[in-house]
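Biologist: I have the model open. Can you walk me through some of its packing, starting with the aromatic rings?

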Amino acid sequence: MAAHRKPRQRSLSGNTARTAATIALAGAATATAFDGTSHAEPQLTPTQVKAKVDKLYQEAEVATEKYDGAKEKADAAEKRLNTLRDEAARKTEKLNSARDSLGYVAAAQYRSGGIDPAVQLMLSDNPERYLDGAEFADRVGHRQTAAVELVRQQLREIEQLRGAAHIELTSLKSRQAELGRQKKTINGKLDQARRLLSTLPPQQRAQVGEASGSDRASRSSTTARGALAAPGSSAARADAPNSRAAAAVSYAYQKLGSPYVWGATGPNAFDCSGLVQAAYSSAGVSLPRTTYAQINAGQRVSRSELRPGDLVFFYSGISHVGIYVGDGQMIHAPNPTAPVRLAPIDEMPFAGATRVV
């Protein structure tokens, strides 16, 4: 009697396995399609959008301060480069004059044939006059040697200037590349913020602060000053530690309502450190361009010691600055959604303060 064997199951391999996998995936995709399930990003609330936008603006401001610092260094490198080029041009002009003088002497020697002095003495009709001339020629020879050495020295100086100019040109190109990188970062952050805000209806955008900020920025400076400068500006100036701090505070009040523009230092638009620099420049005080340098431009003071005119800094990276005007308030250039305005110093993480005068 024949044994009944269980049929062997064939394993899936090769084309058969790939076909099975394809069918399974297609089935899963079809099921998902019929089911109508999707994985769209959840709609953010206005509060969430505001938090993301605020973070993007803060990151853009970090890049802005780096841009400002790179621009300051690029401007300095360009100035040094132009000075070196001007000096090299002046020395080259002097070198050409010295070469011309040597050329005249060489031409005269060529015309004389370079005859040996003893032979010239024997052939001379007037030996006494020749000897006088020979003594003069000897003196001319010494002057000629000095002239040649001068030319050599000028050549060395010009080569040194060209080397220094090359170094400055390399530095300038590096700074310009850094400017391009930071500009790209800034625009990218601002574009992200605008896209986030555009997902909200107009009313919710107003809640986030974009619409109200734009309205304030578009108001005339006269209206802004009339509405905002009157209440506390006189008291702030009176409480300032000295006349220069008072003048800086006065300037800041005059600029209320001016738009925020990254990289701007006035007179009609500002970024945060640009406003501070311009305010103190109006008072005759020169400050560095960036927040990182401004915080070290004077004497550090504690929060409890703040007086009008002091610089107040925010965030752990020292990326934002305002001018303290008293009563817990500052004037600052916040971000592209809002113009220069009064604000409480509590609205951002406090990082330190400096009294520059």
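Biologist: How many aromatic pairs does the count come to?

Modeller: The count comes to three aromatic pairs. The rule takes rings of Phe, Tyr and Trp (its six-membered ring) with centres within 6.5 Å; planes under 30 degrees apart are stacked, over 60 edge-to-face and the rest tilted. One of them is Tyr251 with Phe270, edge-to-face at 6.4 Å centre to centre and 85 degrees between the planes. Tyr251 sits in helix α9 (residues 243-254), and Phe270 in the loop between α9 and α10 (272-282), 19 residues apart. Helices (H or I, at least four residues) and strands (E, at least two) are DSSP runs, numbered from the N terminus.

Biologist: Are Tyr251 and Phe270 buried or exposed?

Modeller: Both Tyr251 and Phe270 are buried. Buried means under 20% relative accessible area, exposed over 50%, and partly exposed in between (1.4 Å probe, protein chains only).

Biologist: Why is the pair of Phe314 and Phe350 called edge-to-face?

Modeller: The ring centres of Phe314 and Phe350 are 6.0 Å apart and the planes are at 80 degrees, so the pair is edge-to-face. Phe314 is in strand β2 and Phe350 in strand β6, so the pair ties together parts 36 residues apart in sequence. Phe314 counts as buried, at 0% relative accessibility. Phe350 counts as partly exposed, at 25%.

Biologist: Which residue lies over the face of Phe350?

Modeller: Arg303, at 5.0 Å from the ring centre. The rule wants NZ of Lys or CZ of Arg within 6 Å of the ring centre and within 35 degrees of the ring normal.

Biologist: Before we go on, what are the ground rules here?

Modeller: This is a predicted model: local features need pLDDT of at least 70, side-chain atom pairs count only at pLDDT 80 or more, and totals for chains, interfaces and linings use all residues. Residues are numbered from 1 along each chain as its sequence is written, and side-chain values use heavy atoms, with hydrogens and water left out.

Biologist: Back to β2. Which way do its side chains point?

Modeller: In β2 (residues 311-314), Leu311 and Phe313 point one way, and Val312 and Phe314 the other. All are buried. In a regular strand, side chains alternate between the two faces of the sheet.

Biologist: Which strand does β2 pair with in the antiparallel sense?

Modeller: β2 pairs with β3 (residues 320-326) in the antiparallel sense over four bridges. Pairing needs at least two DSSP bridges between two strands. Gly322 in β3 is the bridge partner of Val312. The β2 and β3 hairpin has five residues between the strands, and Tyr315 takes a positive phi near 75 degrees. β2 also joins β6 (residues 350-355) through four bridges, again antiparallel. There, Thr354 is the bridge partner of Leu311.

Biologist: Switching to α9. Which residues are buried in it?

Modeller: Ala245, Ala246, Ala248, Val249, Ser250, Tyr251, Ala252 and Tyr253. At the start of α9, a side-chain oxygen of Asn242 reaches to within 3.2 Å of the backbone nitrogen of Arg244.

Biologist: And Ala279, what is it in contact with?

Modeller: Ala279 lies in helix α10 and counts as buried, at 0% relative accessibility. Leaving aside neighbours within four places in sequence, Ala279 is in contact (heavy atoms within 4.5 Å) with Ala248, Tyr251 and Ile323. Ala279 and Ala252 are 6.0 Å apart, C-alpha to C-alpha, and 27 residues apart in sequence.

Note on methods. Polar contact = N/O pair within 3.5 Å; in protein donor to acceptor, adjacent residues only side chain to side chain.
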